[in-house]
Amino acid sequence: MSGVRRFAQWGLWFGGALVLLAAILIGIDVLLRKFLTRSIGGADELAGYALAIGTVWGLGAALLDRAHIRIDSLYVLFPQRLRLVLDLVALVLLVGFFALTAWHGWGVVEQSWTSGSRSQSALETPTVVPQLVWMAGLVAFVAIGVLLLVDALRRLAAGDLRGTARLISTRSAEEEVQEEIRDLQERRTREGGA
């Protein structure tokens, strides 16, 4: 799973960079409109592509870091085995939903390719280009989800309930606090050594 985590982290950085670039582009466009009464044609289109692509490429890292938001008010009151069953069901449904999205999304990509579709903006972007990058992110997320599910089932079969929970359950308040403390200590160590 360490290679999967590295790949997901790369996807997160890629997606974050796209969203940051989109924000910079929009900011420049706003300043140009305000002060020079000019515009970067298609900035909104490019920002839309960046947001869609950036989001989908960040999903894998969010899944592996257990950063997805879940309502767990009652969840914490359940016994560990029931929580793990619910976690597995949630993971299967999440991955299944995105697999279905990828399946139907591929039909859109094929149609764009076949018809040579272009955006209806001044850029006239071949729509298949951003769609393929978006689709690659979706497929990567589904693959990460399937690998995570397989690893969780393997750990569960070996009787490693705690390891399975650390892999797919929501993070407890204690885990959140421990992570914050660890981050703070690492920051102090870096600042002290600098």
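**View 1. Residues H68, I69, R70, I168 and T170 lie nearest the centre of the largest pocket, which has a lining of 23 residues.** The model is predicted: local features require pLDDT of at least 70 and side-chain atom pairs pLDDT 80 or more, whereas totals for chains, interfaces and linings use all residues. Numbering starts from 1 along each chain as its sequence is written, and side-chain values use heavy atoms, without hydrogens and water. A pocket is an open set of points on a 1 Å grid over the protein atoms alone, with protein on both sides within 12 Å along at least five of seven lines; lining residues have an atom within 4 Å of a point. The space in this pocket is about 460 Å³. Helices α2 (43–64), α3 and α5 (161–168) each contribute at least two lining residues, and α3 gives the most, with 5 residues. Helices are DSSP runs (H or I, at least four residues) numbered from the N terminus.

**View 2. The second largest pocket holds about 270 Å³ of space.** Of its 16 lining residues, R83, S169, T170, S172 and E175 lie nearest the centre. Helix α3 provides the largest share of this lining, 4 residues.

**View 3. A nonpolar surface patch is formed by L82, V85, L86, V89 and L93.** Together these residues have about 420 Å² of accessible area, computed by the Shrake-Rupley method with a 1.4 Å probe, where for residues only the protein chains shown count as cover. Patch residues have over 30% relative accessible area and no salt bridge, with nonpolar side chains (Val, Leu, Ile, Met, Phe, Trp, Tyr) joined within 5 Å and like charges within 9 Å; a salt bridge is a side-chain nitrogen of Lys or Arg within 4 Å of a carboxyl oxygen of Asp or Glu. V89 lies in helix α3 (residues 80–115).

How values were computed: On a 1 Å grid over the protein atoms alone, a cavity is a set of points where a 1.4 Å probe fits but cannot get out, and a pocket is an open set with protein on both sides within 12 Å along at least five of seven lines; lining residues have an atom within 4 Å of a point. Grid points are joined across faces, edges and corners, and a volume is the space filled by probe spheres set on the points.
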